[in-house]
Amino acid sequence: MPGAEPAEILLLRRMHPLVASTLDSRFTVHRLDGAADPEALLREVGPRIRGLCVGGGVDGALMDRLPALELIANFGVGYDAVDAKAAAQRNIVVTNTPDVLTDEVADLAIGLVLATIRRLPQADRYLREGHWPKAPFPLTASLRGRRVGILGLGRIGRAIAKRLEGFEVEIAYYGRSRQEGVAYAYHDSPVGLAKAVHVLIVVAPGGAETKNLVDAEVLQALGPEGILVNVARGSVVDEAALIAALKAGTIHGAGLDVFEQEPHVPSELMALENTVLLPHVGSASEHTRTAMAQLVVDNVLSWFEGRGPITPVAETPWSPKA
Ligand code: 8YV
């Protein structure tokens, strides 16, 4: 609308500089993070907020404080921390950032598989600590002749599988249903998949439906040579059961990029020698975070220019009004 006031947008936390600067130049932007009195800011501007940019928790209670809210743009493909059903009930569209991070996260997953099996961080530490001249680094497990299971064959899961084909390992998967045209062996339960493979890569979305999908029984099924890799959400794995399994040798090792209570990582996991632990860096390259930021911006611009969202999530589908 020519001459109309720019829409008011709320940023819940510090966003990528590309998001922050582009929105600043086009909208009236309020920042909850760093506000002297966030509660007072919310009370004052809440009724006028039409767009929300987030990288984390938004529940129905917050939505109720923003009665003019039209769009929640989530920085990330995973939007388990946004109550998308509550948004749908309030006619609010939620967008996420699919596709632009698929390859980056798949690359990281492969790196984490190799780092965990071949103990690359431990070998690096061994060299730096001066042990090499005294004795060679102990022999490790191997990916040779192993079967690899993918728990959640979505976009990222398929990209991981495609990379694994180059490693000449057998690939199997679990998902809610068998996928048409997919040649990998299908298992209809996480336990069934874990039993059949040596390396289990978790790449299922977070949220209530997948909470603790990998539990003590699945770890038991993976077995003493088993390696667990999680690049999805900490909530998909029962962390206490995982710690117990790693300590008892029920499984061989774990490579984790995600945790139940990020950024807090249980000291027990850190004390274990058979873990490789990363600070949730799956998509964290300059290249990919810039692409994600651009998609957040594009969704917001597209929405407020009347062209609809670019990547709405499944719970809040959108079609142009006739
Ligand atoms: C990021 C992610 O860590 O896209 C996701 O779901 O988990 C990661 O890409 C996160 O979105 C950054 O805030």
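1. The side chains of Arg125 and Glu273 form a salt bridge, with an N to O distance of 3.8 Å; the term denotes a side-chain nitrogen of Lys or Arg within 4 Å of a carboxyl oxygen of Asp or Glu. Arg125 belongs to helix H6, whereas Glu273 sits in the loop between helix H11 (267-271) and strand E12 (275-277), so the contact ties together parts that are 148 residues apart in sequence. Helices (H or I, at least four residues) and strands (E, at least two) are DSSP runs numbered from the N terminus.

2. The model is predicted: local features need pLDDT of at least 70 and side-chain atom pairs count only at pLDDT 80 or more, while totals for chains, interfaces and linings use all residues. Residues are numbered from 1 along each chain as its sequence is written, and side-chain values use heavy atoms, with hydrogens and water left out.

3. Arg125 is partly exposed at 36% relative accessibility, and Glu273 is partly exposed with a relative accessible area of 46%. Here buried means under 20% relative accessible area, exposed means over 50%, and partly exposed lies in between (1.4 Å probe, protein chains only). Salt bridges that share partners also join Arg26, Glu305 and Arg307 into one network.

4. Asp124 is partly exposed, with a relative accessible area of 34%, whereas Arg128 is exposed at 66%. The count for the structure comes to 17 salt bridges.

5. Glu8 and Arg48 supply another salt bridge, at 2.9 Å from N to O. This pair links distant parts of the chain, 40 residues apart: Glu8 is in strand E1, and Arg48 is in the loop between helix H2 (38-45) and E3. Glu8 counts as buried at 15% relative accessibility, but Arg48 is partly exposed at 37%.

6. Strand E1 (residues 8-11) pairs with E3 in the parallel sense over four bridges; strands are taken to pair if DSSP finds at least two bridges between them. Ile9 has Gly51 as its bridge partner in E3. Strand E3 (residues 49-54) is mostly covered, five of its six residues being buried. E3 also runs parallel to strand E4 (residues 71-74), joined by four bridges, and the partner of Cys53 in E4 is Ala73.

7. A search of the whole structure finds four aromatic pairs. Rings of Phe, Tyr and Trp (its six-membered ring) pair if their centres lie within 6.5 Å; planes under 30 degrees apart are stacked, those over 60 are edge-to-face and the rest are tilted. The centres of Tyr126 and Phe137 are 5.2 Å apart and their planes meet at 70°, so the pair is edge-to-face. Tyr126 lies in helix H6 (residues 120-128) and Phe137 in the loop between H6 and strand E6 (147-151), eleven residues apart. Tyr126 is buried at 16% relative accessible area, while Phe137 is partly exposed at 22%.

8. Tyr173 and Tyr186 have ring centres 5.2 Å apart and planes at 55°, so this pair is tilted. Tyr173 is in strand E7 (residues 170-174) and Tyr186 in strand E8 (residues 185-187), 13 residues apart. Tyr173 and Tyr186 are both buried.
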